[in-house]
Amino acid sequence: MTALLAAALLAAPATASAHERTLFRENFDHLPLGPVTAGPGWTTDADGGSLTVEPSRTGHGRELHLRTTGNGRAFLVLPALNPPGNSFWVRLRVRVAEFPTAPDWAHWTIAEASGAGSPTLVRPLGGQYVPTSRANFYGVGSDLGPTGDWTAWQTSAPAVAARWRCVEFHLDATDNRVTVYLDGVEQTALTVSTGHHGGAPGDFVFPDFTTLKLGWQLYQPDPAPAAYDVRLDDVAVSTRRLGSYQVSGRPAT
């Protein structure tokens with residue numbers, strides 16, 4: 001990594017706060033190349049998938065390559081999250097080579113948070129293939145809790161393949177609110193909260209977060225394409241917004 005790049009990554013963006021507390025940070029640059037099952041502060045969860053540290057395609061450092069077949073899964077897992085106030089921000093760069101084109105309404109997840117006190121799985125970043133539009137759209141979702149299995153996808157947030165995106169999301173326990181930013185732009189249509197969500201009638205309520213998973217899972221069998229390649233880099237979890245890489249000096253594409 002060049003000195004200039006290192007300085008850009010370490011410099012605090014304009015949106016950072018003096019009260020910021022970084023809970024986790026990983027850019028994969030200090031890990032050996034090859035298959036990986038764990039790193040500093042994280043482990044993995046894979047079934048029908050693999051995780052490999054590879055040289056970055058941007059020419060700077062290394063990145064994590066996740067590959068799944070069929071409806072397999074491959075996740076980087078933070079198993080001991082314990083965020084203060086049960087609220088936290090996540091920033092990462094992600095690139096999905098191809099999104100599903102079959103079956104209709106194919107459902108996929110990139111981020112999932114879970115914890116104690118409730119079976120609710122909070123999915124702040126995921127989406128679906130919408131056959132009426134012949135396109136994939138990002139959506140916030142949940143499963144197993146009182147509001148059921150849902151993904152509130154929005155056509156205002158198209159999932160574009162083969163492009164690096166800087167993704168940020170905020171889980172705010174004060175009103176069980178999930179807010180998503182793509183390349184520094186807040187996606188207001190994706191916001192969900194206690195009484196405003198896409199599930200069954202009733203309150204959407206966070207568990208006491210202990211675990212965060214970042215990666216890829218597609219739930220339906222026999223999808224098209226049959227395999228998925230996802231790349232992650234520059235993952236950070238914090239008590240304050242860190243700002244997108246477009247804002248803080250590193251391009252997201």
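Is Tyr228 buried or exposed? Tyr228 counts as buried, at 0% relative accessibility, where buried means under 20% relative accessible area, exposed over 50%, and partly exposed in between (1.4 Å probe, protein chains only).

**Before you start**

This is a predicted model, in which local features need pLDDT of at least 70 and side-chain atom pairs count only at pLDDT 80 or more, while totals for chains, interfaces and linings use all residues. Residues are numbered from 1 along each chain as its sequence is written, and side-chain values use heavy atoms, with hydrogens and water left out. The pLDDT, which is the predictor's confidence in each residue from 0 to 100, averages 91 over the chain, and 89% of the residues score at least 70. Select residues 1-18 to find a stretch where the pLDDT is below 50; beyond near neighbours in sequence, this stretch has 20 contacts in the model, a contact being heavy atoms within 4.5 Å.

**Aromatic rings**

Trp216 is in strand β14 (residues 208-218) and Tyr228 in strand β15, 12 residues apart; strands (E, at least two residues), like helices (H or I, at least four), are DSSP runs numbered from the N terminus. Trp216 is buried too, with a relative accessible area of 0%.

Next, select Phe99 and Trp108, which are both buried.

Two arginines can be viewed against rings. The charged end of Arg93 sits over the ring of Trp164, 4.4 Å from its centre, and Arg241 lies over the face of Tyr181, at 4.1 Å from the ring centre; the rule asks for NZ of Lys or CZ of Arg within 6 Å of the ring centre and within 35 degrees of the ring normal.

**Salt bridges**

The structure holds 15 salt bridges, each a side-chain nitrogen of Lys or Arg within 4 Å of a carboxyl oxygen of Asp or Glu. Select Arg231 and Glu63, which form one of them with their closest N and O atoms 3.0 Å apart. This pair links distant parts of the chain, with Arg231 in strand β15 (residues 227-238) and Glu63 in strand β5 (residues 62-78), 168 residues apart, and both residues are buried.

Move to Arg123, which forms a salt bridge with Glu112 at 2.9 Å between the closest N and O atoms, and another with Asp143 at 3.8 Å. Arg123 lies in strand β8 and Asp143 in strand β9 (residues 135-143), so this second pair ties together parts that are 20 residues apart in sequence. Salt bridges that share partners join Asp45, Asp47, Arg73, Glu112, Arg123, Asp143 and Lys213 into one network.

**Strand β9 and its neighbours**

Finish at β9, where eight of the nine residues are buried. β8 and β9 pair in the antiparallel sense over eight bridges, two strands being paired if DSSP finds at least two bridges between them. Tyr129 has Asn136 in β9 as its bridge partner. Five bridges join β9 to strand β10 (residues 150-158), again antiparallel, with Val140 standing opposite Ala152 in β10. In the turn of the β9 and β10 hairpin, which has six residues between the strands, Leu144 has a positive phi of about 75°.
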